[in-house]
Amino acid sequence: MENLSNSLFLNNVPERWEKKAYPSLFQLSQWYGDMIQRARELENWIGDFNLPASVWLGGFFNPQSFLTAIMQQTARKNEWPLDRMCLQCDVTKKTKEEMSGPPREGAYVHGLYMEGARWDLQTGFIAESYLKELTPRMPVIFLRAIPVDRVDQRLVYDCPVYKTKGRGPTFVWTFRLKTRLEPSKWVLGGVALLLQV
């Protein structure tokens, strides 16, 4: 009880709660608000059991399972082997509010942030980040499963996606983002997508 009261006093997430929860670097007040927002998002989703127009990827406890489900659904529909599939990542120019409905295949996802660079809406490529803009918000991303042999190999950066800025054990997936520059530039810059800032 003493440890719990100390954590509450210092606005830290209690250690026992942290062990059972999702990875987060938030203080207790932010963490609690984030948890309530996640619960609301799931309540809205299960109200009619239809895929929302755009899914908040960071709101999942285990986002990898949702991304795998996209691939499984497409593999089952087209009778393709799951181990020969990958995710195609197309960044749109829209925000969550501008989405009218879910796609017929795959899913629109939102709530990602880019660290180390930014997404240029005009060109549709990764670009140098602006000064004092550490983690710009990404527009809605369209994810769909395609066979590995149809993957576009031209100038793409295999951008890692992490749950938090802590990176490391919070790795989720790799999204292939278009770039006009050599991908090694973004590797050296440590460019990544984050589900939470």
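Start by selecting strand S2 (85-91), which gives 5 residues, the largest share, to the lining of the second largest pocket. Strands here are DSSP runs of E with at least two residues, helices are runs of H or I with at least four, and both are numbered from the N terminus. A pocket is an open set of points on a 1 Å grid over the protein atoms alone, with protein on both sides within 12 Å along at least five of seven lines, and its lining residues have an atom within 4 Å of a point.

Before going on, a word on what you have open: this is a predicted model, where local features need pLDDT of at least 70, side-chain atom pairs count only at pLDDT 80 or more, and totals for chains, interfaces and linings use all residues. Residues are numbered from 1 along each chain as its sequence is written, and side-chain values use heavy atoms, with hydrogens and water left out.

Back to that pocket. The second largest pocket has a volume of about 270 Å³, a volume being the space filled by probe spheres set on the grid points, which are joined across faces, edges and corners. Now pick Gln88, Cys89, Asp90, Arg176 and Lys178: of the 17 lining residues, these are the closest to the centre. S2 and S9 are the elements that give two or more residues to this lining. By class, you'll find 9 nonpolar, 3 polar and 5 charged residues there. (Ala, Val, Leu, Ile, Met, Phe, Trp, Tyr, Cys and Pro count as nonpolar, Asp, Glu, Lys and Arg as charged, and the others, Gly among them, as polar.)

Next, follow S9 into its sheet. Four strands make up this open sheet in the order S4-S10-S8-S9, with mixed pairing; two strands pair if DSSP finds at least two bridges between them. S4 (113-115) and S9 (171-178) are the edge strands, each pairing on one side only.

Select S8 (156-162). Why is it largely enclosed by the rest of the structure? Because 6 of its 7 residues are buried, which means under 20% relative accessible area with a 1.4 Å probe and protein chains only. With S10, S8 pairs in the parallel sense over 2 bridges; look for tyrosine 162 opposite leucine 194.

Carry on to S10 (192-194), which pairs with S4 in the antiparallel sense over 3 bridges. Here methionine 114 stands opposite leucine 193.

Zoom in on His110, Gly111, Tyr113, Arg137 and Met138, which lie nearest its centre among 29 lining residues. Helix H3 (28-48), S4 and strand S5 (118-120) are the elements that give two or more residues to that lining. The lining divides into 13 nonpolar, 6 polar and 10 charged residues.

One more sheet to see: S1-S3-S7-S2, open, with 4 strands and mixed pairing. The edge strands are S1 (55-56) and S2. S1 pairs with S3 (107-110) in the parallel sense over 2 bridges, and valine 55 has valine 109 as its bridge partner.

Last stop: select Tyr22, Arg38, Phe60 and Lys163, which are among the residues lining the largest cavity. A cavity is a set of grid points where a 1.4 Å probe fits but cannot get out. The largest cavity has a volume of about 60 Å³.

Methods:
Buried < 20%, exposed > 50% of the residue type's maximum accessible area, 1.4 Å probe, protein only.
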